[in-house]
Amino acid sequence: MNILSIETSCDETGIALLKISGGVRAPKVTVLADLVSSQIKIHRPFGGVVPNLAKREHLKNLPILFKRVQAKCKPLKFDLITVTVGPGLEPALWTGITFAQALAKEYKKPLVGANHLEGHLYSFLLPGLAGGRKISFPTIALIVSGGHTILLNMDSFSKWKRLGETRDDAVGEAFDKVARMLDLDYPGGPEIEKLAKLGNAGAIAFPRPMIHDKNYDFSFSGLKTSVLYYLRDHGDDASLSQADVAASFQQAAVDVLVAKTIRAAKATGAKSVILCGGVAANKKLRSELGKASRKIGAQFFVPPFKYNMDNGAMIGLAGYMAHERKKRYKMAANGNLEI
Ligand code: KG4
Ligand code: ZN
């Protein structure tokens with residue numbers, strides 16, 4: 001089946017065309033087109049995503065990207081259209097939904113909603129690193145993005161339970177806020193990672209919030225505040241190294257994520273671990289969670305770098321899986337849609 005997919009939940013406009021077969025148990029994907037238009041430069045002066053600017057840019061970019069998909073895949077053939085209905089910024093989500101509804105009418109094709117978080121969750125199945133390796137269940141999945149930090153316990157691609165989540169800031173949000181304290185550009189994650197390479201991760205003993213708690217929840221706001229106090233107290237020291245601050249903060253965040261994910265994997269007898277979401281682009285997190293997973297005998301899956309950030313291809317996969325699972329999302333923007 002060919003699926004046309006549309007993503008507009010935040011600051012990337014994405015349209016993709018996928019060929020998928022195999023059903024919900026063993027999906028096999030070929031990416032026929034995958035176009036992403038990033039708005040990062042437009043939001044950068046504001047230090048974060050401005051919803052109305054995002055909406056304006058999506059409205060401008062959607063027809064342009066669609067024309068490019070048409071030009072790339074001639075004749076354009078698809079059986080199903082899918083669009084992100086949440087979670088995300090509602091004005092941004094609506095632009096994609098309205099565009100998808102118009103296409104469904106014009107091409108007389110069915111339209112189904114997709115959950116953005118399920119897109120991240122399945123994105124390791126897109127062609128790349130997994131290289132045809134089959135996943136063994138049960139699985140622990142760690143979803144880390146700008147808005148979410150969630151641990152799932154999965155019995156299959158269609159059955160899972162939430163084990164825990166952040167009680168305050170998402171980990172990506174903490175990276176973004178610490179980056180702002182250090183006068184780095186938005187989005188902060190990649191900037192912190194770059195600066196951290198020049199610093200000593202053991203220089204400052206930032207807290208590892210909730211690392212020893214028996215539950216699987218997270219908290220990153222205290223860690224962020226510790227960085228703020230550290231900079232307030234040491235900001236004028238000639239010896240202050242911003243790179244040490246970045247490296248020590250990153251290490252504290254990675255330590256908590258790895259420790260809790262591995263504890264969940266051990267407790268549930270997981271045979272595999274999935275890492276996904278924008279923060280999964282972080283090389284330190286990828287390598288430390290990968291190493292720790294293999295050490296307990298679990299397979300480790302992470303999407304190829306280009307599929308960590310928001311994109312249309314992962315939404316095509318999420319729409320396909322929802323369609324196969326007969327999961328019907330309401331065709332309306334839901335900023336707080338859960339997984
Ligand atoms: O999944 P995503 O593109 O958007 C949401 O659905 O939220 O995630 C964006 C988040 C931002 O907070 C960004 O700073 C973070 O992912 N991020 C990173 C890295 N690349 C992106 N965080 C840490 N290290 C990175 N290399
Ligand atoms: Zn995302």
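Predicted model: local features only at pLDDT ≥ 70, side-chain atom pairs only at ≥ 80, totals over all residues.

Q: Which of the residues around ligand 1 come nearest?
A: There are 19 residues around ligand 1, and the ones that come nearest are G146, D176, G189, E193 and N282.

Q: And D176, how far is its polar side-chain atom from an oxygen atom of ligand 1?
A: That distance is 2.6 Å. H116 has a side-chain N or O atom 3.2 Å from an oxygen atom of ligand 1. For D310, a side-chain N or O atom lies 3.3 Å from a ligand 1 oxygen.

Q: How much of ligand 1 does the protein cover?
A: On its own, ligand 1 has 550 Å² of accessible area, and the protein covers 86% of that. The space ligand 1 takes up is the largest pocket.

Q: Nice. Which elements give two or more residues to that shell?
A: Those are helix 4 (116–122), helix 5 (171–181) and helix 6 (188–196).

Q: Which one gives the largest share?
A: Helix 6 does, with 4 residues in the shell around ligand 1.

Q: Switching topic: what coordinates the zinc ion?
A: The zinc ion is ligand 2, and its donors are H116 through NE2, H120 through NE2 and D310 through OD. The distances run from 2.1 to 2.2 Å.

Q: What spacing do the zinc donors follow along the chain?
A: The pattern is H-x3-H-x189-D. Within it, H120 and D310 link distant parts of the chain, 190 residues apart. H120 is in helix 4, while D310 is in the loop between strand 10 (299–301) and helix 10 (312–325).

Q: Now the backbone. Is the peptide bond from Y186 to P187 cis or trans?
A: It's cis, with omega near -10 degrees. P187 sits in the loop between helix 5 and helix 6.

Q: What is phi of D183 near?
A: Phi of D183 is near 60 degrees, a positive value in a residue other than glycine. D183 also lies in the loop between helix 5 and helix 6.

Q: And the bond from K74 to P75, cis or trans?
A: That peptide bond is cis too, with omega near -10 degrees. You'll find P75 in the loop between helix 2 (51–72) and strand 4 (80–86).

Notes: Residues numbered from 1 in each chain as written. Chains lettered and ligands numbered in written order. Heavy atoms only, no water. Near = heavy atom within 4 Å. Polar contact = N/O pair within 3.5 Å; in protein donor to acceptor, adjacent residues only side chain to side chain. Areas by Shrake-Rupley, 256 points an atom, 1.4 Å probe, with all protein chains shown as cover. 1 Å grid on protein atoms, 1.4 Å probe; cavity = no way out; pocket = protein on both sides within 12 Å on 5 of 7 lines; lining within 4 Å. Sits in = over half its atoms within 2 Å of the grid points. Donors = N, O, S within 2.8 Å, 3.2 Å for Na, K, Ca; no water.
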